[in-house]
Amino acid sequence: MKRALAIMVGAALILLLATLTLVVMPYLQMSAEQVPPDLKPYTEQQQRGRQVYIANGCVYCHSQQPRDPSFAPGDKDRGWGRPSVPGDYAYDEPHLLGTMRTGPDLFNIGARQPSIDWQLMHLYNPRAIIKGSIMPSYPFLFRHVEEPAEGDKVVNIPPPYGPETGKIVATEDALALAEYMLALDHTYPAPTLPKKPPNSDEPKENRAP
Amino acid sequence: MTPTIAILLIITFVLSTVGLLLLIWSIANNQFSHGQAAARTIFSPGEEGHSEDPARPSDPTFTGNTSEQTAAIEARWTADQSSRTAVLTWLSSSVFWLLLGSFFGLASSIKMHLPEFLTASEFLTFGRIRPVHLNAVTYGWASMAGIGVALFLIPRLFKTPLVGGKYAVIGGFIWNIGLVLGLSAITLGLSDGEEWLEFPWQIDILFVVGGALCAVPLLLTAANRKVEHLYVTSWYLMAALVWFPFLFLIANLPFAFPGASGATVNWWFAHNVLGLWVTPIGIGIAYYMIPKILGRPIISYQLSLIGFWSLALFYSQVGIHHLIGGPIPTWLVTLSIVHSVMMSIPVITVAINHHGTMMGNFSRLKDSPTLRFVWIGALMYTVASLQGSMEALRSINVITHFTHYTVAHAHLGMYAFLSFILFGAVYFIMPRLTNWEWPWRKLISLHFWLVSIGILIYVVSLTIAGWKQGVALLDAAMPFMDIVKMTLPALQARTVGGALMTLGHLVFAFHFIAMLMRRGAATEQPTLFRPATKENAQ
């Protein structure tokens, strides 16, 4: 039993060490990072949109973390924006960095597509805007009505993607999600990023406080 | 610069000190000197040289002609029967979750190239069924089957009946309730939002409790053990059962880690689930099955201990290689890359032991279903791990990150390595628990070929397409939609591969149920890939 205990305690100690280096130290370092002054907290509606984004698993195809152009030039060249810094995520809980780019990075989608009508139409059926898109449609975020009531947000869908008769109106969830998309705009300068990377291989070295 | 270097130096120093202390402890406690004797603890006196799963007609069988052999066989039978209820609870559940997870995986795959497939209902949208697939196969199939096999191995490794098996049965029920609630929560859109941690944290408590209840029989049986040496498999199993609750608890602490530091915790956890939970279980099973079926001890017990401690040390710190290029401190990424590359040490030591023990016995793969599944799994562990070390390098990762290449790699690990070993173990365990042989040899064969061809198509198509996708993404000259179109044939091929794997699982589940219902003819002979003539079953 002594030996069995020694193995288990040894195993636990090693994991404890890993927890210190991979969980505690980064947390201490990153929570001390400066929050960019131009970053706004989410509004209630945007936060609700963020929950819709989480509930429908957008993160499984879209990242929110452009990489440094000296490391991966495609990210900036595609218009996805400057490399992100920890401060950019100060209001993100949980994080939605993502690990897949089946679709494009969304860190600055609000700056690339600032029209709410574009966002809603794209959510209703991505193929109505982008031929050959493999993003799913989200018809359940919309209602099909014969006559839109007052205050309804009508989404004009080009044929043949819309219904034969009546109108498509956005639900509260769809509007919230679209507002969250528009809020994804990190085009402000990042205070913790060096203006010019002094060393192109490891530009982030200087970012540590 | 200076604090970063200081931190790295301190970490390196602490790591090497811990490593050194462990080595000294191992030597002081004779972990090394008794090397080959310890490697033989899984055999009864006189059993060495006898295969337990007679893999070829000419095998000398361990029949119980002498009183010593009879006693050993009876002890083994008692050990197996003692864990029967607990093991069957966990294994039967795992087969159910495997089927469910496969269907969700297949539907997710179809949606990737037919985006209008099942879009009307929010409950079946891609972003919900994909996490249902991952969680069902990880926590349902792989974890439950892994725990089931571990419960079967514990009494055998300690040569004493399982004590406290009922705790594991209760744990199994709690774990299943957790899965039902967790998967329903994802379907209803109540996900926690982080990959591998989608289950709402309130539900996660059930997994911690269920897992902890499985540690009870492990500890009680270890306290009762009748063997002096702890065979290497028990090291892996004990460590895994310590690591998982710890990891799962910390990673799920609600609201503790916001923003970018949440991402580091997320990936520290997600890779540890692979490295410190399912990997030790998979390797541990292979360490038992291969020598047991061949009737010869592993070639180097010392290497297996080095492999164990280096796995613990290095694997626990690789997680941040999922965030290379991300918004986190560079030293952290570098630390994980270094450890990812260092992982080649445990991988190679395990490979030497697994494949070295197989040397000269490859012909047995023709007959024994267990050996064939387990050894291919062990081989794929070597392949997937070395591939993983390469993928962690910045120059490779810049291409493979964010692409289907990573998905192929994940399936090479979780499926071709882990699931193959679990399939093999189930084929070994079930006849010993039910005292019944697998009814149809052709179904085992069909299962093997369906899943093998399926995973081959899966991994090859996505690896090639993912690499091309990654190269193209780096150069904005190619429009994004052109890249999407380029990957479409591979996504379709993945559906074909996935469909074959799902079919294979249906065959496997059908056979498993038939086994539980004792269908087919009573036979004294084991069901092998080729008709066997002479040997006895047990």
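Predicted model: local features only at pLDDT ≥ 70, side-chain atom pairs only at ≥ 80, totals over all residues.
I then checked the bounds of the two parts: the domain assignment of chain B places domain 1 at 75-228 and domain 2 at 260-538. Their contact takes 38 residues from domain 1 of chain B and 44 residues from domain 2 of chain B, while the C-alpha centres of these domains lie 18 Å apart.

For the area buried between domain 1 and domain 2 of chain B I noted about 3,500 Å², with carbon and sulfur atoms giving 75% of it. Of the area that domain 1 buries against domain 2, B:His113, B:Trp141 and B:Trp196 supply 16%, more than any other three residues. I also looked for salt bridges between these two domains of chain B, and the count is 0.

On confidence, I noted that chain B averages a pLDDT of 89, with 91% of the residues scoring at least 70. Over residues 532-538 of chain B, however, the pLDDT is below 50, although this stretch has 28 contacts in the model beyond near neighbours in sequence.

Next I turned to the two chains together, where 76 residues of chain A are in contact with 107 residues of chain B. The area buried between chain A and chain B is about 7,700 Å², of which carbon and sulfur atoms give 68%. In chain A, the residues that lose the most area to chain B are A:Arg3, A:Leu22 and A:Tyr60, which together make up 10% of what that side buries.

I counted 1 salt bridge between chain A and chain B, and the side chains of B:Glu116 and A:Arg127 meet in a salt bridge at 2.7 Å, N to O. Between the chains there are also 19 residue pairs in polar contact, with both residues at pLDDT 80 or more. Helix H1 (2-31), helix H2 (44-55) and helix H3 (73-77) of chain A are the elements giving two or more residues to the side that touches chain B; H1(A) gives the most, with 22 residues. I recorded the classes on this side of chain A as 44 nonpolar, 19 polar and 13 charged residues.

Notes. Residues numbered from 1 in each chain as written. Chains lettered and ligands numbered in written order. Heavy atoms only, no water. pLDDT = per-residue confidence, 0-100. Contact = heavy atoms within 4.5 Å. Domains from an automatic or database assignment. Buried area = accessible area lost by both parts, 1.4 Å probe. Salt bridge = Lys/Arg side-chain N within 4 Å of Asp/Glu carboxyl O. Polar contact = N/O pair within 3.5 Å; in protein donor to acceptor, adjacent residues only side chain to side chain. Helix = DSSP H or I, 4+ residues; strand = E, 2+ residues; numbered from the N terminus. Nonpolar A, V, L, I, M, F, W, Y, C, P; charged D, E, K, R; others polar.
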